[in-house]
Amino acid sequence: MLISQNIRIAGSLFGILILFMLTTVLVKITIDPLSFFAVTMSTIWFINSFGAVLQGSLFGLIGLLPAKYSSVFMSGQGVAGIFAALAAIFSKISGVGKEAMALGYFITPCLVIFLTIIFYFTLPKLEFARYHFTKGQQMPPKKESNMGLLFNDEDKSKVMPKSETALTNLEVGEDKVEKTSSLIKVLSKIWMTAISTCLVFTVTLSVFPAITAKVSSQVEEGQWKDYFTPVACFLLFNIMDWAGRSITAVYMWPRRRIPLLVMVLVRFVFIPLFVLCNVKERSHLPIIFRHDGWFILFMTLFAFSNGYLVTLCMCYAPKQVSTRDAEMAGAIMAFFLSLGLALGAALSFAIRTMM
């Protein structure tokens with residue numbers, strides 16, 4: 001890539017930090033609504049742009065590590081969603097003012113991003129990280145030693161030191177010393193996994209939160225009615241999504257691409273299930289699943305499958321290519337993830353129209 005990975009990751013983190021600090025300052029400044037709207041929309045655009053670059057670069061970086069670390073990375077994203085859902089619930093319970101609430105919302109990510117920058121610059125100092133981040137780099141050619149000339153290939157592995165054997169294998173295998181593959185070549189190896197990732201988020205964003213946030217409790221009175229959406233929709237989704245992402249650290253199935261794609265396609269059944277839940281703002285379709293229990297059951301399966309399947313895809317893709325192409329594979333997966341988010345958001349408008 002034209003811009004180095006360090007610049008992309010560190011630059012994006014610093015950019016996001018500055019923009020969040022600017023947003024925090026705006027909480028205490030009184031400006032006219034039009035100017036505030038313009039500044040806010042510009043800030044959101046830049047944050048999302050930096051976030052897209054950061055996400056693609058991080059997926060590429062994580063692709064160089066063993067598959068279980070991709071699972072841990074995805075679990076961390078799920079934890080972030082849980083914190084956001086809990087913050088919304090606690091702010092509703094505490095009844096604090098909007099200004100204090102906004103300050104809390106924006107100061108917290110500033111601190112987290114600052115710590116992330118520190119940890120990122122500490123990462124290269126770890127021996128484990130140095131090993132995995134450099135093992136895919138091309139080794140300089142070296143002439144075979146005299147000891148290697150005395151043995152055939154089978155005897156070499158028995159007598160020669162491991163370092164010499166590894167070097168000989170590197171010289172023989174052309175695919176291990178070739179330059180990074182082209183984008184088309186890498187995509188041809190992971191296209192099915194990339195499509196699976198795209199479809200997972202297409203289904204998820206098509207109903208969450210555009211449809212699920214509109215589902216209301218059958219209980220007409222009491223506190224449960226007020227907390228139904230924050231708890232049964234947002235908090236439950238993020239908890240089960242995190243659970244699905246985390247379980248891949250100890251169990252991964254299926255390991256073949258076609259069964260994985262079939263499981264992803266099965267998730268489309270959640271679209272009609274949520275549409276037929278207790279959403280009162282509708283003109284065409286009836287309400288079939290009125291009880292709260294149905295919605296909670298659907299949300300549990302929906303969120304768990306989202307976290308589980310997308311983590312499998314993100315773990316498998318970098319391992320379907322050579323170590324040298326793992327970063328490019330991660331960037332491709334980040335693109336298809338974003339594409340799925342965009343397609344799902346667009347599909348949600350059509351679903352709302354049909355209800």
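In the predicted model, P254 lies in the loop that links α10 to α11. P209 is located in the loop between α9 and α10, the latter helix comprising residues 223-247.

The packing of helix α9 against helix α11 was then examined. Helix α9 covers residues 183-207 and helix α11 covers residues 257-266; their axes lie 9 Å apart and meet at an angle of about 15°. Angles under 35 degrees count as roughly parallel, and α9 and α11 are therefore roughly parallel to each other. The crossing of α9 past α11 is left-handed. On the side of α9, the contact is formed by K189, M192, T193, S196, L199 and V200, while α11 contributes R257, I258, L261, V264 and L265.

The mean pLDDT of the protein is 84, and 86% of the residues reach 70 or more. The highest confidence is found in helix α12 (residues 270-275), with a mean of 97, whereas the lowest is found in helix α6 (residues 146-149), with a mean of 37. Over residues 138-178, pLDDT stays under 50, and for this stretch the model has 26 contacts beyond four places in sequence.

Terms used: Residues are numbered from 1 along each chain as its sequence is written. This is a predicted model: local features need pLDDT of at least 70, side-chain atom pairs count only at pLDDT 80 or more; totals for chains, interfaces and linings use all residues. Side-chain values use heavy atoms; hydrogens and water are left out. Axes are lines fitted to C-alpha atoms, for helices over the stretch in contact, and angles run from 0 to 180 degrees between N-to-C directions. Helices (H or I, at least four residues) and strands (E, at least two) are DSSP runs, numbered from the N terminus. Angles under 35 degrees count as roughly parallel, over 145 as roughly antiparallel, 65 to 115 as roughly perpendicular and the rest as oblique. A crossing is left-handed if the near helix is turned anticlockwise from the far one by less than a right angle, and right-handed if clockwise. Contact means heavy atoms within 4.5 Å. pLDDT is the predictor's confidence in each residue, from 0 to 100.
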